[in-house]
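Please view the sequence and the model together while reading.

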Amino acid sequence: MSSSDIQYDHQTVEATAQAFWHEHNSFRVEENPDKEKFYCLSMFPYPSGHLHMGHVRNYAIGDAISRYQRMQGKNVLQPMGWDAFGLPAENAAMQNKVPPAKWTYGNIDYMREQLKKLGYAYDWSRELATCHKDYYRWEQWFFTRLFKKGLVYKKEAEVNWDPIDQTVLANEQVIDGRGWRSGAIVERRSIPQWFLKITALAQELLDDLEKLDGWPEKVRTMQSNWIGRSEGVTLEFEVADEEGSFKKLSVYTTRPDTLLGVTYLAVAPQHPLAVKAAATNSTLAKFIEEQNNVKVAESELAKLEKLGMETGLTAVHPISQEQVPIFVANFVLMSYGSGAVMAVPGHDQRDWEFAKKYNLPIKQVIEPDSPDSLCNLDECAFVDKGIVTNSGEFDGLDFIQAFNAISAKLVDKGKGEKTVNFRLRDWGVSRQRYWGAPIPMINCETCGSVPVPEKDLPVLLPEDVEFDETGSPLTKLTDFFEADCPQCQGKAKRETDTFDTFMESSWYYARFACQDQNESMLDARANYWLPVDQYIGGIEHAILHLLYARFYHKLMRDEGLVTSDEPFTRLLTQGMVLNEGSKMSKSKGNTVDPLGLIEKYGADTVRMFTLFASPPDQSLDWSDSGVEGSYRFLKRLWKIVASHESISIIGITDSDHNPEQKQLRLKTHKSLQKVTDDYGRRQTFNTAIAASMELLNTTTKFLETNSSESDKAVVQESLETIILMLAPIVPHFCHALWNHLGHEGAVMNANWPKVDESALVQDSILIVLQVNGKLRDRIEVSKNLSKDDLEKKALENDAVKRFSDGKTLRKVIVVPGRLVNVVVS
């Protein structure tokens with residue numbers, strides 16, 4: 001390098017490296033059965049138009065892993081695409097008077113250039129956008145296949161309905177009972193919705209969590225709880241109607257041992273029994289109407305005040321034959337189970353609170369089985385398992401005994417059976433929105449719901465539309481929804497709902513493997529690349545996206561499209577980027593513009609800071625001084641390497657090295673050993689960077705007193721190791737310096753360095769000799785030398801003698817393995 005090149009010019013360095021990668025198609029990859037594959041994928045972004053620091057961090061993590069695995073000699077795929085459908089584009093269309101398609105495609109073009117400025121090693125030839133017909137065509141095709149298999153069905157379902165916007169709102173879009181945009185009071189409506197039968201695979205989804213040992217335990221636990229397998233009893237209470245005939249009311253319980261403690265039943269406000277009772281009870285009808293205007297979210301219901309009203313109906317207890325009152329209660333969901341629950345206020349806290357509020361009986365039927373447990377039903381429910389009491393023939397039984405005995409009794413009486421239940425519910429995939437993939441179904445009054453024939457796919461989403469802010473434009477486009485029935489050829493109506501955007505993100509990882517395939521959803525290349533070896537994304541996706549993707553993968557397997565059981569082998573959930581302890585957001589005014597930082601410091605500095613500030617799975621608190629610190633380190637490393645005269649180190653060993661050279665080699669290979677583990681097993685890039693910094697510090701100190709040709713060789717080895725260890729993190733920077741160190745090829749194609757085990761062997765160690773705390777010499781001694789012998793050697797050293805002769809020896813301080821300090825006066 002010339003003298004002018006001693007200064008680090010990040011703009012020139014990054015432009016040069018990116019031009020090289022572009023010219024050589026450096027990251028384009030093909031299937032190669034002779035090489036071990038590695039598929040690294042970061043969750044693809046929504047094309048909002050602007051990158052934020054969360055994107056930068058997420059993709060820097062994925063890029064570091066990808067580049068490291070490439071240096072391990074693997075055939076690495078790292079693609080990028082766009083999760084392009086969704087509500088934000090519709091909102092932008094209404095605000096800016098521009099069609100969602102135009103807004104989205106413009107954002108994609110802009111964000112693509114932003115990502116390229118950061119130097120991520122993406123195979124852009126595989127880029128896809130979920131809003132493109134070549135993508136959602138196959139999603140529609142697959143949906144029709146699932147419909148024919150009976151894994152798709154349509155039913156009435158309750159939703160949050162905004163009467164002004166005339167659309168369904170997600171639970172998160174209902175704020176204090178009002179629509180987030182219109183401010184209208186949200187209604188609870190029952191409308192036809194399409195569902196995928198995820199419950200059909202609930203047990204397999206649960207069982208296969210055990211295979212995912214590369215996933216964080218927290219995520220596996222969250223999915224297990226969401227699936228919510230339970231073993232219990234489904235039993236029936238008989239309800240007498242006005243005519244005196246009995247109808248059956250089915251409930252499910254995991255605690256049949258408490259059955260004799262039932263003092264009331266509760267049904268959802270939408271339960272047919274409640275609706276029928278309200279027909280002759282105006283007070284009850286008003287109560288039910290009020291509950292219908294409460295948002296559906298189950299998590300919110302748990303926080304609501306428990307409200308209910310007696311229906312005037314009673315049910316017959318299946319064992320005691322007692323009459324049990326039936327209430328309508330706001331904490332019972334019609335969409336969960338049968339929409340009815342048996343209430344045991346003595347042994348369920350929610351039931352206890354309701355019973356206290358409405359002065360209902362509270363009966364104890366379980367007593368503690370340990371003196372450490374207390375039961376005081378005046379204060380709260382006793383919810384632990386214990387010994388059955390006040391239950392006649394079942395008294396004295398423990399939980400398991402009572403579970404089996406009461407279950408058997410119900411079976412004998414024809415009143416119940418043991419059942420396995422799941423908390424998981426079928427996946428509702430209908431959205432009453434415009435900007436999404438059209439659901440490929442045609443509704444015929446004669447034939448019912450009929451799938452669009454394969455030859456007529458894709459059902460194209462009209463892109464040149466206008467919004468009048470009253471629901472989806474598709475419901476007003478006669479050219480879109482008017483259709484002929486594929487079966488009877490009669491007049492019919494095309495489905496105007498679109499898919500939930502989770503549909504697109506549930507299989508995109510597979511499409512990347514064969515993005516250019518126009519004749520089928522997937523081809524053999526998918527089985528070469530799948531499963532994804534490393535998946536990276538936020539913990540907020542732990543349940544819905546990751547569970548749906550697992551489900552979708554199994555559906556594709558059963559269709560013969562893939563051979564693997566799971567989509568993602570290893571999962572890394574990165575933490576959020578915070579600013580002064582709060583999540584970055586425009587509303588808080590605490591966002592940081594990545595492009596401004598790239599302009600000032602360079603992409604490599606930004607990448608390094610986001611990986612150095614904290615472990616990837618923990619939150620990162622933004623620090624301007626931290627960014628500046630990363631920049632200073634890179635400038636310092638640049639100057640040291642630029643000032644170094646390259647030398648060949650082929651065949652370097654410890655045989656001809658002096659103690660100080662051996663110490664530097666020891667530090668080099670210990671650092672390499674640690675960093676290799678940091679990248680591969682631990683995935684802690686912050687400690688990999690810290691180890692590289694420490695090695696540079698050691699090398700700098702070595703250079704202060706060593707400048708021979710053999711010194712240059714160990715320095716060359718150290719600097720090469722630092723550059724190779726940092727290459728996955730600051731790739732532009734290392735691309736330039738690798739060539740200065742005498743290498744002709746690109747650093748990204750270099751092999752990851754191997755630890756020289758001989759350099760780690762320490763038969764001898766280097767001891768610092770001090771007189772009154774000042775360095776006077778260094779000596780090499782056997783690592784097994786005793787403390788007394790080490791002290792003797794130090795006192796016999798010529799340098800020590802020179803600075804202590806004629807003075808009184810006060811004491812000798814020995815720090816084993818490090819130094820001897822001779823104190824004189």
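How many bridges join S29 to S32, and do they run parallel or antiparallel? Four bridges join these two strands, S29 and S32, and they run parallel. The model is predicted, with local features needing pLDDT of at least 70 and side-chain atom pairs pLDDT 80 or more, while totals for chains, interfaces and linings use all residues. Residues are numbered from 1 along each chain as its sequence is written, and side-chain values use heavy atoms, without hydrogens and water.

**Strand S32**

Strands are DSSP runs of E with at least two residues, and helices are runs of H or I with at least four, numbered from the N terminus. Two strands pair if DSSP finds at least two bridges between them.

| Partner of S32 | Bridges | Direction | Opposite residues |
|---|---|---|---|
| S29 | four | parallel | Leu769 and Val820 |
| S31 (809-815) | six | antiparallel | Ile813 and Asn821 |

Three residues lie between S31 and S32 in their hairpin, where Gly817 has a positive phi near 80 degrees. In S32 (residues 819-824), five of the six residues are buried (under 20% relative accessible area, 1.4 Å probe, protein chains only).

**The second largest pocket**

The second largest pocket has a volume of about 810 Å³. Of its 22 lining residues, Gln663, Thr698, Lys701, Leu766 and Arg778 are the closest to its centre. A pocket is an open set of points on a 1 Å grid where a 1.4 Å probe fits, with protein on both sides within 12 Å along at least five of seven lines; lining residues have an atom within 4 Å of a point. Helices H21 (659-682) and H22 (685-705) and strands S29 (764-771) and S30 (774-782) each supply at least two lining residues. Because domain 4 (602-760) and domain 5 (764-824) both give residues to the lining, the pocket lies between them; the domain bounds come from an automatic or database domain assignment.

Conventions: Points joined across faces, edges and corners; volume = space filled by probe spheres on them. Buried < 20%, exposed > 50% of the residue type's maximum accessible area, 1.4 Å probe, protein only.
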